[in-house]
Amino acid sequence: LIQAISDIITSDPKKENGWTNLSYVASQLKQQHGKTGEMYGYKKFSDLITAIRLFDIKKDPSGTYVKLKQPKTAKSDPQNPPPPKKEQTAPQTQTTPDPNQPLLLNGKIDFYVYANKPLDSVLWRLTGNKRVRNDSDIIFYGQTHSADGTLSLDINDVYSGFSCQLDHQAPDVARIIITASHESDTIAHTPIKFNIEQAGKVLFTGNCATDNTHARTILLGDLAKTLAGWQFNPKNQATTANLYQLCQHFGVEVDQDW
C-alpha cells in the first residue's frame, strides 16, 4: 500500500513542488490497484494517509495535498550529543529565561521535542481569544505543513521538529503553543526535552515531566506576540485532555469517530 501510494505521488504529472492532490491519489489507487481506505478500516482516505504517518500533509482552500517525506539526517539526542570537533565551540544554551529579560524571538525558529516514548507533538496557532481560526492552524502528524508555508513538522525516531517563520505569521495570530500528547496512555514520569534553536544555535533547552498519573498532554511552551517580537514562556503544564479534547477546547470541529 505504501509503495503504491508513493509511486502514484512520484508519477503525478500535475504535482507542484512534490505536492499531489489527495483526491487524485485516492482515485489512482483504486483504479490501478483496486485499493480504498475502507479496505483498511477508514471511511475517509485522508484518515488512512494520516494514520500511516509516512507522508507530509497540508490543507488549503483548494483541497488536501500529500507529499513524500524527504529523508533527513537525524539530529542527535541532546542528552547524549556526539563529541564536538576541536575547531567547534559548544553552542550557547539558555536553560531558564530570566523573567526580567524575556526571551524574544524573531525570524525562523526551530522547535525540537525529544522523549523516550512515542508522543504526538502539536503546534497550535491561536488568536487573541485563545482559539484557532480553523483546523489549518494545527500542525501535527495529520497536517505536517501549513497552507501559508510558514509552519512545518518533521517527525522521525529521534525527535519531532517544528520550523516556524515567526515574521510571516498572519496579523490575527497572537499566540503559538506547543504540546506533547500520548494517544492511548498517560505521560506521567515521561521525561521530555524541549529545545529552541535558530540557525543551529540553541537559544533555550528545558526538561518537562509530570507526576500526574492521569495526564495525557503537557504544554511545553508558549509564544506570545509583542511589539518587540515573540516572547517565549516555558510552561511544563500537564492536563488530562487528549488531542481530540484539545481540538475541541481550541475551537476545532472534529468528527466524533476521529
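Student: Is F204 buried or exposed?

Tutor: One begins with the relative accessible area, where a value under 20% counts as buried. This is a predicted model, and in it F204 has a relative accessibility of 4%, so F204 counts as buried.

Student: Which aromatic cluster includes F204?

Tutor: F204 belongs to one aromatic cluster together with F111, F194 and F232. A search of the whole structure finds eight aromatic pairs. In the pair of F194 and F204, the ring centres are 6.4 Å apart and the planes meet at 65°; planes over 60 degrees apart count as edge-to-face, so this pair is edge-to-face. The two residues belong to distant parts of the chain, F194 to strand β11 (residues 192-198) and F204 to strand β12 (residues 201-208), ten residues apart.

Student: How is the pair of F194 and F232 arranged?

Tutor: That aromatic pair is tilted, with 6.0 Å from centre to centre and 45° between the planes. Because F194 lies in strand β11 and F232 in strand β14 (residues 230-239), the pair ties together parts that are 38 residues apart in sequence. Both F194 and F232 are buried; for F194 the relative accessible area is 1%.

Student: Which residue follows α3?

Tutor: R53 follows the helix, and its phi is positive, near 60°. The side chain of R53 also deserves attention. R53 forms a salt bridge with D120, at 2.8 Å from N to O. R53 lies in the loop between α3 and β2, and D120 in strand β6 (residues 120-126), so the pair ties together parts that are 67 residues apart in sequence. R53 is partly exposed, with a relative accessible area of 34%, whereas D120 is buried at 9%.

Student: Over which ring does the charged end of R53 sit?

Tutor: The charged end of R53 sits over the ring of Y141, 3.5 Å from the ring's centre.

Student: How many salt bridges does a search of the whole structure find?

Tutor: The search finds nine. To read such a bridge, one asks which side chains meet, where they lie in the chain and how accessible each residue is. One of them joins D56 and K69, at 2.9 Å from N to O. This pair links distant parts of the chain, since D56 is in strand β2 and K69 in the loop between β3 and β4 (103-105), 13 residues apart. D56 is buried, with a relative accessible area of 8%, and K69 is partly exposed, with 25%.

Student: Where do R125 and D148 lie?

Tutor: R125 is in strand β6, and D148 is in the loop between β7 (138-139) and β8 (151-155), 23 residues away. The two residues form a salt bridge whose closest N and O atoms are 3.0 Å apart. R125 is buried at 3% relative accessibility, while D148 is partly exposed at 40%. Salt bridges that share partners join R125, R133, D137, D148 and D172 into one network.

Student: With which residues is T144 in contact, leaving aside its neighbours within four places in sequence?

Tutor: T144 contacts F55, D56, I57, K69, I139, L151, S152 and L153. Among these residues are D56 and K69, the salt-bridge partners described above. T144 itself lies in the loop between β7 and β8 and is buried, with a relative accessible area of 1%. A polar contact of 3.0 Å joins its side chain to that of H145.

Student: How many disulfides does the structure hold?

Tutor: The structure holds zero disulfides. As for individual cysteines, C208 is buried, with a relative accessibility of 7%, and C247 is buried, with 4%.

Terms used. Residues numbered from 1 in each chain as written. Predicted model: local features only at pLDDT ≥ 70, side-chain atom pairs only at ≥ 80, totals over all residues. Heavy atoms only, no water. Helix = DSSP H or I, 4+ residues; strand = E, 2+ residues; numbered from the N terminus. Disulfide = S-S within 2.5 Å. Buried < 20%, exposed > 50% of the residue type's maximum accessible area, 1.4 Å probe, protein only. Salt bridge = Lys/Arg side-chain N within 4 Å of Asp/Glu carboxyl O. Polar contact = N/O pair within 3.5 Å; in protein donor to acceptor, adjacent residues only side chain to side chain. Contact = heavy atoms within 4.5 Å. Phe/Tyr/Trp six-rings, centres within 6.5 Å; stacked < 30°, edge-to-face > 60°. Lys NZ or Arg CZ within 6 Å of the ring centre and 35° of its normal.
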